[in-house]
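Please consult the sequence and coordinates alongside the text.

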Amino acid sequence: MAFRSEEMCLTQLFLQVEAAYCCVAELGELGLVQFRDLNMNVNSFQRKFVNEVRRCESLERILRFLENEMENETVIIKSEKYPETPLPREMIDLETVLEKLEAELQEANQNQQTLKQNFLELTELKHLLKKTQDFFETETSLPDDFFSEDTSGLLELRSTPAAAAAKLGFTAGVIKRERMVPFERLLWRACRGNVYLRYTEMDTPLEDPVTREEVKKNVFIIFYQGEQLRQKIKKICEGFRATVYPCPESATERREMVDGVNTRIEDLNTVITQTESHRQRLLHEAAVNLWTWGIKVKKIKAIYHILNLCNIDVTQQCVIAEIWFPVVDTGRIKRALKQGMERSGSTIAPILTAVQTKMSPPTFNRTNKFTAGFQNIVDAYGVGNYREMNPAPYTIITFPFLFAVMFGDCGHGAVMLGFALWMVTNEKALLAQKSTNEIWNTFFSGRYLILLMGIFSIYTGFIYNDCFSKSLNIFGSSWHIRPMFSNSTWNEHVLEENEALQLDPAVPGVYSGNPYPFGIDPIWNIAKNKLTFLNSYKMKMSVVMGITQMVFGVILSLFNHIYFRRTINIVLQFIPEIIFILCLFGYLLFMIIFKWCYYNVHVSQYAPSILIHFINMFLFNYNDPTNSPLYTHQKEVQSFLVIFALIAIPWMLLIKPFILRANHLKAQRMLQLPPISEGPAGDTEVEITQPNNSKKAGRENHSSGHGGHDDHEEENYLKSSGPW
Amino acid sequence: MVSLLCCGPRLAACGIVLSAWGVIMLILLGIFFNVHSAVLIEDVPFTEEDFDDVHGPEKIYRLYEQVSYNCFIAAGLYVLLGGFSFCQVRLNKRKEYMVR
C-alpha cells in the first residue's frame, strides 16, 4: 500500500534541426517531459531563438492592443477546443494578418478622432453664432453710449475720436467653463478695463474627442478698440486655450454662416457614423479569431523558449536536449516524437539515449481530477523528495474525516453535500466558463474534497445526533423519567423546590441498560449539562484519533527508511520516536480507554481525572489525595514510562549529528588520501581514524541516491541504445 | 402601465435562494411542531397554568399545533416572495434579451 512518486529517467534527445520544432510541439501537447536548461550561463539575449521570441512578443502586443479596443464594444468568442500547435510558417502568416489589422485599426481610430475634432469645432461655432446674435441685438446701441459719458467734457477737443470710436472690433470665441473667471479677471487687468466682455454658458456639454469626456464651455465675445488691444486679447485667448472663431459682423452674413455650418454638421455626422460602423466591423471580424490567435502565439513562444534551452551541435545539423520523463511513459514519448518527425517531413528519426546521473530526479506524482485537489494540499506543506512515500492518497480520507469530526452536523452536512454534488455533476459546463473569480475557483477546484467532507459530516452528524443543532429520536431514548417517581426520589415537593433536576442512572429503570443503537442518546439535547458531557467525549475522541494518526505518520517514515536503506535512521530516529510517542501519548490513549471501560455509574463520583494524573506523571507527584489511582502499581508503571521516554530524547537528538560529522570527516580524508598514501602508511592512517567512528559507522551506506551528493562529480556515461 | 421590474438580477436571485430555504425549512418545522416533537419545547409559548391541567398534556398539544400553523403561514409568505422573485428574474432575462 505504498504510493511513491514515479520513477524518472534522464535522456539525451538528438533531433534534426528541421524536425526539432515539431517534435518539441508534440512533446508539449503531451505534457509529460521536463527539459533541462543546457544553456544556464548564456544570457537570454544571446540564445539562438531570441529573434523568434521577440517576434512572438510583438504579436502579443498587437493582440493586447486589439483586446483593449474590443473590451467595451464586442464580445470575444472563446471556443471549447484549443487550436493545434501551428507550424513555423504559420507564424509569418499571423504576423502579416495582425500587423495589417493593427494598421487598419489605428488608421480608423485616427480618422475618427479627426472627424470628432471637426465636429466639435463646428458645433461650437454653431452655438457661438446663435449666442452672438443675442449680443449684437442688445448691444447695437453700445457704441453711442460707450464714449459719451466718459468723454463728454472733452468732446470739443477730441472730435475725431468719436468718429473713429464708432468702429469697434470684437473677438468671439469659446472657452472652458472652469477658466472663465480667471480669463475675465486677466482681461480686465491687462487691458486696464478698456474692453467689454460678455459671456453665457453653452447649454449642451460637448464631447472631447481625445479623452472622450464631457466638457462644459462658455461662449464669450469681447469688444475693444484699437490694434494693440486686439493683439493683447489674441495672446490672452491663446494662453487660456480659448478657441477663437471668425464671426462676421453683419446679420445676413451670420445667417448664411449658420446655414453653412448646419449643412456641414449633417454631412460630418453621416461620415462619423460610417467610420464608426467600419471600425466596429473590423473589430467584429477580429473578435472571432482573437482567442485562437492568442493561444497559437502562446504555443509558438513556448516552443521557442524550450528550443532556447537546448544545445545546437557543432555541425549545426542537430539539436541536443536533456529531458526528464517517467519511465513508464517511454512508449508515449517515442510515439509523440515519431509524430513530430512525420509532421515536419524529415526522414531522420530522433535518437534517445539514456544518461546516468547522480542528480536527484524531479518528483512526479501522477494525478487525475479527483486526486489533484488532495495532492495540491499536500504539496503546499512541501513537495517530497524523489521516490519518497506520497501521503496524498491517505489524506483523501483523513482530511475530510477530521473535518467531519469537527463539523458533525448531518443537516448542514447535507447542504454541503448538495452543493458539492451540484458542482461535480455540472463539472464540464462550469469548467468551460473559465471564471476569474478567485474565491469561486478555490471552491470549484476543491469540489471532490467538499463532496467527501459532506458525506463524512453526515456520518458524524448521525454519531453526534446533531441535525441543525437538534437531535433526532429515531430509535427511542434509553432514559426514562417515571422510575425516578416510582422510586420516590422525586415527588411534588422536589419538583416545586428545584429548578433543575438530575436523572440518576443508578436508580434502576432510569437507564434501560441498552445504549441508544447509533449515536448519542437524544435525551442529551434537552439536558442542561449537555455540553459538559459532550465536550469531554469529543475531546477525548479527538485525542485518540490524533494520536493514532501521528503514530501512523511515524510508521510511514519507517517505510521510507527501509526503502532508502538508511539503517542509521531506523535505529537513531524511528525507534526513539516510537518509544517517545508510545510511552507518553500512547499511555494517555490507554488511560482514556481504560477509564471509559472500567468505571460504572456506582463508582463514577470517585473516578480520577486523567489530566491531573498525566500532569502528576511528569512531576513524579503521587501524593495527591483527591485523585485516586486508576489501577494498582500505577506509580511503578508510570515512572518507568517517563524515564524510558526521557532516555529516548538524547537518543533521538544527540547521537546522529556526531555520527554524520564523523562520516563526513572520513569521506573528506578519503578524498585527500589517494595521492599521498601508497604504502602501509596509508592503511595505518585509515585504521587510526576507525576507532573514532565507534558507533555504527560501519553500517553507513554512502551510495543511496541522497541529495547531499550533488557536489560529487557527475558521472555521465552515454549508453547508446541506438536509433529506434 | 408602470414597469413591473423593480429588482435587479442579483436581488432577484437572492430572493429566490432565500425563499427556497425559507419554504423548505418552515414546512419541515411546521411538520415537526405538528407531531409534538419534544426537542422543540422551548419554542412553544406556554405559561405556568398550562401545566396544572389534570387531563394530560392536551393544552400543550394545542399550543404546539398553533405554532405549527404559524410556521405554515410563514412558509406561505415565503412562497409568495419566491414567486415574486421568480417573476423579477424572468423580467430581467427578457430585458437583457431585448437589449441584445
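A residue is called buried when its relative accessible area is under 20%, exposed when that area is over 50%, and partly exposed in between. The model discussed here is predicted. By this scale Y69(B), at 47% relative accessibility, counts as partly exposed because its value falls in the intermediate range. Y69(B) belongs to helix α2 of chain B.

Y69(B) also takes part in a nonpolar surface patch of about 740 Å², together with I24(B), I27(B), L28(B), I31(B), F32(B), V35(B) and F72(B). Two or more residues of this patch come from each of the helices α1 (9–34) and α2 (58–99) of chain B. Of the contributors, α1(B) gives the most, with five residues.

Attention now turns to the aromatic side chains. Over all chains, a search of the whole structure finds 36 aromatic pairs. In one of them, the ring centres of F3(A) and Y394(A) are 6.1 Å apart and the planes stand at 70°, so the arrangement is edge-to-face; the cut-off for that class is an angle over 60 degrees. F3(A) is located in the segment before β1 (8–16) of chain A, whereas Y394(A) is in helix α11 (residues 392–407) of chain A, so this pair ties together parts that are 391 residues apart in sequence. The two partners fall into separate accessibility classes: F3(A) is partly exposed because its relative accessibility is 34%, while Y394(A) is buried because its relative accessible area is 19%.

A second pair is formed by F594(A) and Y598(A), whose ring centres are 5.1 Å apart and whose planes meet at 15°, so the pair is stacked. Both residues lie in helix α19 (residues 567–598) of chain A, and because they are four residues apart there, about one helical turn separates them. Y598(A) has a relative accessible area of 53% and is therefore exposed.

Ring pairs also build a cluster in chain A, linking Y464(A), W479(A), Y511(A), W524(A), F533(A) and Y537(A). One member of this cluster, Y464(A), has the charged end of K538(A) over its ring, 4.3 Å from the centre. A further charged residue, R4(A), lies over the face of Y563(A), at 4.0 Å from the ring centre.

The helix α18 (residues 530–563) of chain A contains H561(A). Is H561(A) buried or exposed? Its relative accessibility is 7%, so H561(A) counts as buried. Between the C-alpha atoms of H561(A) and L646(A) the distance is 24 Å, and the two residues are 85 apart in sequence.

β1(A) is mostly covered, since seven of its nine residues are buried. With which strands does β1(A) pair in the antiparallel sense? One partner is strand β10 (residues 318–326) of chain A, joined to β1(A) over nine bridges in the antiparallel sense. Within this pairing, M8(A) stands opposite P326(A) of β10(A). Another partner is strand β11 (residues 351–355) of chain A, which pairs with β1(A) over four bridges, again in the antiparallel sense. Here Q12(A) has T353(A) in β11(A) as its bridge partner. As a general rule, side chains in a regular strand alternate between the two faces of the sheet.

Key. Residues are numbered from 1 along each chain as its sequence is written. Chains are lettered from A and ligands numbered from 1 in the order in which they are written. This is a predicted model: local features need pLDDT of at least 70, side-chain atom pairs count only at pLDDT 80 or more; totals for chains, interfaces and linings use all residues. Side-chain values use heavy atoms; hydrogens and water are left out. Patches are made of residues with over 30% relative accessible area and no salt bridge: like charges are joined within 9 Å, nonpolar side chains (Val, Leu, Ile, Met, Phe, Trp, Tyr) within 5 Å. Accessible areas come from the Shrake-Rupley method with a 1.4 Å probe; for residues, only the protein chains shown count as cover. A salt bridge is a side-chain nitrogen of Lys or Arg within 4 Å of a carboxyl oxygen of Asp or Glu. Buried means under 20% relative accessible area, exposed over 50%, partly exposed in between (1.4 Å probe, protein chains only). Rings of Phe, Tyr and Trp (its six-membered ring) pair if their centres lie within 6.5 Å; planes under 30 degrees apart count as stacked, over 60 as edge-to-face and the rest as tilted. A charge sits over a ring if NZ of Lys or CZ of Arg is within 6 Å of the ring centre and within 35 degrees of the ring normal. Two strands pair if DSSP finds at least two bridges between them.
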